[in-house]
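Subject: Structure handover

Hello,

Here is the structure for your files. My notes follow below it.

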Amino acid sequence: MSERSDVVVVGGGVIGACVAQALAAKGAAVTLLERESEVCPPASAVYANCGLLVPSEIEPLAHPGALGQGLRWLLDGSSPFYVKPRASLGLARWLWLFRRACAPEVARRHAPLLHELGDNSAALHDELAGGSGAEGAGGGAAWHYRRNGWLFVYETAAGMAAAEAAARKARALGVAVQVLAADEVCERAPQVRPGSVVGGVLTPDDGHMDPAAFTRAMVARAQRDGATVVTGAEVYGFEAGGGPAAAVRRGRAGGGHVHAVRTTRGAFTAGQVVVAAGAWTSLLLRELGLRLPIEPAKGYSIDVARPEGTSELPLCVGEAHVVLTPLGDALRLGSTLELAGWDLRLRPRRLAGLRRAAARVVGLPEDGPVRQVWRGPRPLTPDGLPVVGRSPRHQNVVVATGHCMLGLSLGPVTGRLVAELCAGEPPSLDIAALAPARFGR
């Protein structure tokens with residue numbers, strides 16, 4: 001049995017790291033628990049993702065156009081968004097809620113919130129990096145931090161037309177967007193093959209970084225401020241009111257109080273518990289009688305040697321939804337969403353899609369040497385918004401998960417919001433729409 005902490009944080013990925021860092025900076029006694037032997041393990045959603053900071057991403061995954069596009073993609077194993085057919089009540093519920101969230105009025109309501117979260121988090125990223133971050137100044141140099149934009153390139157006139165329409169909507173909400181002709185794209189990104197694209201869209205306020213290096217740096221800062229980090233501590237239950245998890249499940253809604261977290265390294269007592277375990281969060285919360293509709297959405301990446309002449313500007317091949325991120329001497333190709341449950345097998349067909357897009361646009365050989373292949377489960381909610389707030393069943397449990405592809409981008413603001421909740425302070429942003437209770441029982 002450990003000494004009592006003010007807060008026990010479950011999960012050593014980017015959200016757990018940012019939460020622990022923000023809490024420790026406030027002076028809280030924090031214990032961070034990670035099930036693997038290291039924080040930000042290869043199995044986490046952030047370890048080798050595309051590394052993007054994207055305050056420009058204001059359209060949730062669930063939006064009006066997603067249904068028509070999704071129906072074409074869902075059963076195509078090589079598409080950017082693939083749903084593996086399987087008998088699953090949880091998946092059926094998720095798809096039903098996703099369909100409901102694609103209503104135009106829902107997307108219009110969610111976009112300003114994502115914009116506010118993204119802008120606030122980008123400012124916090126700059127602070128953590130030690131300045132404006134434009135050239136990786138200060139501490140951010142350790143995680144290759146840049147705020148030099150993100151360039152979307154389009155191979156077809158139809159793709160470019162759709163991008164221009166989306167750019168007009170984004171500008172109306174205050175997002176900085178620049179539409180570029182093909183020659184301007186090649187000027188900004190000399191690695192783009194002449195004639196391979198018809199134009200592009202630049203979001204100048206975006207940025208990128210090494211996600212694993214950033215996450216580990218946040219854990220190190222939390223430790224510097226007094227946090228305790230325990231690895232190899234897999235959570236398998238909770239204690240409340242002097243009893244095991246079953247007693248927690250029998251508790252009245254909103255009336256339970258968790259006082260200890262049971263792990264393979266012993267029980268850890270705490271005044272409050274933050275569950276920030278990514279896609280595993282929904283599995284853990286079932287022990288507390290809370291069922292969140294979160295699906296593990298598998299993403300892929302491939303690291304190759306960075307070709308000579310590659311600029312520091314990350315690219316996205318728009319129609320293929322493939323991102324090319326420069327990270328030091330490596331170039332990371334990544335993307336795709338695959339709803340296959342907990343089937344984490346690598347699918348060569350999807351990896352090949354990443355390489356084909358890179359070959360078309362920047363001339364990267366499809367069969368060249370590879371430094372690393374990765375996949376990881378992103379926590380995906382049906383409405384595309386993260387879950388940040390107190391459990392409706394347990395007054396001292398805070399949930400922080402469901403960020404899907406925005407975990408790295410929204411990590412710092414999530415950390416600040418959770419720290420405010422744990423301190424009993426009013427959240428600095430209105431996060432009512434992120435509450436765990438929004439999905440009902």
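Among contacts in the protein chain between residues at least 6 apart in sequence, what percentage join residues at least 24 apart? The figure is 75%, where contact means heavy atoms within 4.5 Å.

Some ground rules. This is a predicted model, in which local features need pLDDT of at least 70 and side-chain atom pairs count only at pLDDT 80 or more, while totals for chains, interfaces and linings use all residues. Residues are numbered from 1 along each chain as its sequence is written, and side-chain values use heavy atoms, with hydrogens and water left out.

Overall picture

The protein chain has 11 helices and 19 strands. These are DSSP runs numbered from the N terminus: helices are H or I with at least four residues, strands are E with at least two. The radius of gyration is 21 Å, close to the 22 Å from the globule rule for 441 residues, so the chain is as compact as a globular protein of that length. That radius is taken over C-alpha atoms, and the rule is 2.2 Å times the number of residues to the power 0.38. Along its principal axes the C-alpha trace spans about 70 × 45 × 40 Å.

Of the 441 residues, 59% are buried. Buried means under 20% relative accessible area, exposed over 50%, and partly exposed in between (1.4 Å probe, protein chains only).

Serine 335 sits in strand 16 (residues 330-339). It is buried, at 11% relative accessible area. A polar atom of its side chain lies 2.3 Å from the backbone oxygen of histidine 321. Beyond neighbours within four places in sequence, serine 335 is in contact with residues including Cys50, Tyr300, His321 and Arg378.

Threonine 310 is in the loop between strand 13 (295-305) and strand 14 (315-317). Its relative accessible area is 12%, so threonine 310 counts as buried. Its side chain reaches the backbone oxygen of proline 307 at 2.8 Å. Not counting residues up to four places away in sequence, threonine 310 touches Gln191 and Leu331.

Glutamate 36 is in the loop between strand 2 (30-34) and strand 3 (52-53). Is it buried or partly exposed? Glutamate 36 is partly exposed, because its relative accessibility is 32%. Leaving out residues up to four places away in sequence, glutamate 36 touches Pro41, Thr231 and Gly232. Its C-alpha atom is separated by 22 Å from that of arginine 4, 32 residues apart along the chain.

Best regards

Conventions: Polar contact = N/O pair within 3.5 Å; in protein donor to acceptor, adjacent residues only side chain to side chain.
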